[in-house]
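Subject: Structure for you to look at, with notes

Dear colleague,

Below is the structure I said I would pass on to you.

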Amino acid sequence: MVRFIGILVGLFFSGWLLVSFAMGAKEYISNPPAETAEHAFHQEPKDISFTSDGPLGKFDRQQLQRGFQVYKEVCAACHSLRLVAFRNLEEIGYNEDEVKAIAANWAIQTPDVDPDTGEMSSRPSLPADKFPKPFANNVAAAAANNNAIPPDLSLITKAREGGAPYVYSLLTGYQNPPANLPEANQPGPGLHYNPYFANLNLAMAPPLAAADMVSYSDGTNPSIEQMAEDVTAFLIWTAEPKLEERHQTGWAVIAFLLIATILAYLSYRTIWADVKAEKKKKV
Amino acid sequence: MSFPWAKEYTPTTDFGQWMDKQLPLPRFIYNSVGAGYPAPRNLNYMWNFGSLAGLFLVVQIVTGIILAMHYAANANIAFDSVEHIMRDVNSGWMIRYAHANGASFFFIAIYLHIGRGLFYGSYKAPREMLWLLGVVIYLLAMATAFMGYVLPWGQMSFWGAKVITGLFEAIPLVGKPIQELLLGGFAPDNAALNRFFSLHYLLPFVIAGVVIMHIWALHIPGSNNPTGVDVKGPQDTVPFHPYYTAKDGWTIGLALIFFTALMFFLPNALGHADNYIPANPLSTPAHIVPEWYFWPWYAILRAFTFDFLFIPAKLLGVLAMFSAILVWFFLPWLDKSPVRSGNFRPKFKIFFGILVIDVLILGYCGGAPAEEPFVMISQLAAAYYFAHFLIILPLLSRMEKPEPLPNSITESVTGKPLNTAS
């Protein structure tokens, strides 16, 4: 009885799936879906490597500091970094006094309550504060940015498909729309063509429009590519500040496990030796 | 319950004898995973995934309890509390990555364990109850994993919760009230997050309880084995300890190497980038996909694209998705072939191979966007899936001529007839 009902249920599901397949296939052949411009013109992220890549990856602190400088002088005008605190900058090589100074001199102050009047006010940041947001709220952010809210950058290299190479490609990928781009996909007013962005046009104007937008104190030439690479490296750190600790711990754990597993394997072989020997002898 | 030749526990110390009289816990351990439990001598490495699934259940419970000490189940701060764990809690990143990837390893172990059972006929008499309890564990694990994925309250958490609870909406009449009951509202929000957290904490202990029954049910007939032939005498078995404790022991080390390599070097490889964006009810992700271990079922859900008479396609998809797993409950009675092991069933072996590839294809399509040709491929693959369990297996058990079975486990191991081998 179970098998009889089972066969009926199976015939129904499988049969209807095959009918659906036939109808779908007919539709697919008679009316094949046209390739969308988003699909045709979209490009995969550029091939770029960072010192933090791979199981042995480490941060280049000099690069992170350069990247921080790019964030501070270019990105911070619109993009928040709400999960990172000034004190975290000590992890990329700034000392305590430098961090205090960076926090105190940050262009935007930290919102607070006036201790005397209880009114909303703001004060210079302290190392313990998170980076203050450039806009008071999302409405203000959208109003100032052609209705597109600049995303928070704390996790951006983990929050986008393609990760850090995608961020780098987006920063360096602005270009004039190709001549054969369909009318519907031409960048509208306030939009900018960038084939690394999923729907090809984004509201962010090219943030690194020209070389020398920042001047590096370590003498590195601030080309567009260099600035993009540095700020991307900095954003890898903001998204994954424990990366180095993770890699180091990983090697220690795996070394321990390898030794333990080899010992466990050898004791397994010893324990089974008599059973295996019996098998060999009899064959 | 065990074989008559199982070794008897004999406490040697005064304390051991005193303990044995008052609370025979050492005896219990001895008889369940010690020298007092004889297991077939020919178990291959496919028999190691039960203990590995147990290992990862423990990893999940331990890391989960620690995470719950720092996590805040409130829609306003859940996302940030996870980032607090990643950034400010000592070694919090390690605990969280272990928990996130531990779920994947739990499912890898459980899928290989299920596949082993399917190939070697471990669901057949006298182990039906063992198999049924296993399916219950799998269903509970799916519910637990789904609710756990909602807790970080990222974009995929939110939209995953919305899509999966939305499935219940397809049920006629009672669907909408069920969905609202599950969510505690009309859409996922604080009420849903809180109850998911509560249940996510509860269900692993329910799983642990069913696991105990699963192991209990295992110990009555004892393990199946690659020949599928019953244990006939002491020469067919070895004591669980030290033989299988040693064998399980070293593969636990091996599994932990793979696990730690993933969690320390590629911790986000199996996750979705969108879940690092805080949940936003106003912005739908381009592709809503569940975690990889749900992909085959998700492909079956989406394979139904046409209404059948008065049954809407969505309801058909939901029914098919649940049926795809519920069919396992009937498997012992669908496959009546008296031969357990696929090794001695020449045709079954081929169909089983097709099923494995079929489920992998379903998995690939389930993770792909809901576009052609993936929908058409999943329709064919889902059709085979149902045909395999509901049509092919019942008919095959009548039509197939199995190969001759070895007379005993020992004979199959040593290649000598039973009377000379012992």
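Predicted model: local features only at pLDDT ≥ 70, side-chain atom pairs only at ≥ 80, totals over all residues.

Gly16(B) is found in helix H1 of chain B, which covers residues 14-22. Leaving aside residues up to four places away in sequence, Gly16(B) touches Pro11(B) and Pro26(B). Arg27(B) is eleven residues from Gly16(B) along the chain, and the C-alpha atoms of these two residues are separated by 9.6 Å.

Val163(B) counts as partly exposed, because it has 15 C-beta neighbours inside 10 Å. Between the C-alpha atoms of Val163(B) and Pro188(B), which are 25 residues apart along the chain, the separation is 10.0 Å.

Turning to the domains, chain B is divided into domain 1, made up of 30-229 + 237-268 + 277-284, and domain 2, which runs over 289-402. Taken over C-alpha atoms, the centres of these two domains of chain B are 22 Å from each other. How many residues of domain 1 of chain B are in contact with domain 2 of chain B? There are 23 on the side of domain 1, and they are in contact with 19 residues of domain 2. On the side of domain 1 of chain B that touches domain 2, the elements giving two or more residues are helix H5 (92-119), helix H6 (128-150) and helix H7 (155-168) of chain B. H6(B) gives the most to this side of domain 1, with seven residues. Sorted by class, this side of domain 1 has 14 nonpolar residues, together with seven polar and two charged ones.

Next comes the contact between the chains, in which 49 residues of chain A are in contact with 52 residues of chain B. In chain A, helix H1 (2-30) and helix H8 (243-282) each supply at least two residues of the side that touches chain B. H8(A) gives the most to that side, with 19 residues. The residues on the side of chain A that touches chain B divide into 31 nonpolar, ten polar and eight charged.

Within chain B, one helix pair deserves a description of its own. Helix H3 (residues 49-68) and helix H10 (residues 240-265) of chain B pack with their axes 10 Å apart and at an angle of about 55°. H3(B) is therefore oblique to H10(B), and the crossing of H3(B) and H10(B) is right-handed. The contact is made on the side of H3(B) by Ser51(B), Leu52(B) and Leu55(B), and on the side of H10(B) by Asp248(B), Thr251(B), Ile252(B) and Ala255(B). By class, this contact of H3(B) with H10(B) has four nonpolar, two polar and one charged residues.

Some details of the backbone remain, and I would ask you to look at each of them in turn. His241(B) and Pro242(B) are joined by a cis peptide bond, for which omega is about 10°, and Pro242(B) has its place in helix H10 of chain B. The peptide bond from Glu372(B) to Pro373(B) is also cis, with omega near 5°, and Pro373(B) sits in the loop between helix H13 (346-367) and helix H14 (374-399) of chain B.

Asn147(A), a residue other than glycine, has a positive phi, near 70°, and is placed in the loop between helix H5 (138-144) and helix H6 (163-172) of chain A. Asn147(A) counts as exposed, because it has 10 C-beta neighbours inside 10 Å. Leu173(B), although it is not a glycine, has a positive phi of about 65°, and it lies in the loop between H7 and helix H8 (175-183) of chain B. With 7 C-beta neighbours inside 10 Å, Leu173(B) counts as exposed.

With kind regards

Key: Residues numbered from 1 in each chain as written. Chains lettered and ligands numbered in written order. Domains from an automatic or database assignment. Contact = placed C-beta atoms within 7 Å. Helix = DSSP H or I, 4+ residues; strand = E, 2+ residues; numbered from the N terminus. Nonpolar A, V, L, I, M, F, W, Y, C, P; charged D, E, K, R; others polar. Axes fitted to C-alpha atoms, helices over the stretch in contact; angles between N-to-C directions. Parallel < 35°, antiparallel > 145°, perpendicular 65-115°, else oblique. Left-handed = near helix turned anticlockwise from the far one by under 90°. Buried ≥ 20, exposed ≤ 12 C-beta atoms within 10 Å, placed from the backbone.
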